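Take a look at the charged side chains in this model.

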Amino acid sequence: MNTLSTARRTTVAVLAICGPLLLAGCFPDREPDVKFKDYVGQSVGKARDGISADLNAPTVYRAIAGEGYPGETWKVCFQSPEAGTMVDPDDVSYDTSLSAVPPGTTCPATDAHEPVTMPKLTGGTYGKAFAEFKAAGLTVTAVKAYKDETREPGGSWKVCKQDPAAGWDPPANKAGSLTVVRPGDACPDWYETYRDAAKNPRTPPPGIHVGKLCRGPGNEATTEDGTAVECMRSPDDDRFRWQE
């Protein structure tokens, strides 16, 4: 018997059988396509949970211009893809999105599809910042600005630093942090880590100047000539530098 010929005939036979049925049974590990549901009119939270059951979590946009992150109770006005679209759940690169408006707001005729980034929360209260982070679907870790702080942060405490910083997209790992001080306290400079001033350096470490590379987005410092600067991403080279 010609073993090679037999093998070729077997291969042809398998292809002939599997050709029309590739999605049905010859590759049993492959997930079948799913029909994208209609989420318009639902809350963002319910729609996000429904989509995430089969696909990547959706990107959420504002359907109207404004400020604030679309919360769980916002109403979905537009979606991508359209309802009824067949989607491959194994395609990890497939993007879905929702555009929403605040509760009680009428959906616009045209989707503004406004990208949402984290708002500036520094200088405000921990309670408000906590609510904004939760609305963005983030877990929140409260960080005491001073190492020797003995009290636990409350809603009226002041936010000195936020991560993710203002203007950034919510992170994929959904983790966020807020660095806070007691009401009435000044936010410490980056090198002042103790409430007990005697434990801090008397003067800022030398070498801080505008444009110098830095670590820790949102950290604040004072240059040797007294200029207040913040560690921010530079638009020139996308690296973190001290900027006014």
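Lys144 and Glu152 form a salt bridge, their closest N and O atoms 3.0 Å apart. The term means a side-chain nitrogen of Lys or Arg within 4 Å of a carboxyl oxygen of Asp or Glu. Lys144 is partly exposed, at 27% relative accessible area. Glu152 is exposed, at 61%. Here buried means under 20% relative accessible area, exposed over 50%, and partly exposed in between (1.4 Å probe, protein chains only).

This is a predicted model: local features need pLDDT of at least 70, side-chain atom pairs count only at pLDDT 80 or more, and totals for chains, interfaces and linings use all residues. Residues are numbered from 1 along each chain as its sequence is written, and side-chain values use heavy atoms, with hydrogens and water left out.

The structure holds four salt bridges. Another one joins Glu149 and Arg182, with 2.8 Å between the closest N and O atoms. Glu149 sits in the loop between β6 (139-144) and β7 (158-163), and Arg182 in the loop between β8 (175-181) and β9 (220-222), so the pair ties together parts 33 residues apart in sequence. Helices (H or I, at least four residues) and strands (E, at least two) are DSSP runs, numbered from the N terminus. Glu149 is buried, at 8%. Arg182 is buried as well, at 15%.

Arg62 and Glu114 also meet in a salt bridge (3.8 Å, N to O). Arg62 is in strand β2 (residues 59-62), and Glu114 is in the loop between β5 (97-101) and α3 (126-135), 52 residues apart. Arg62 counts as buried because its relative accessibility is 5%. Glu114 is partly exposed, at 23%.
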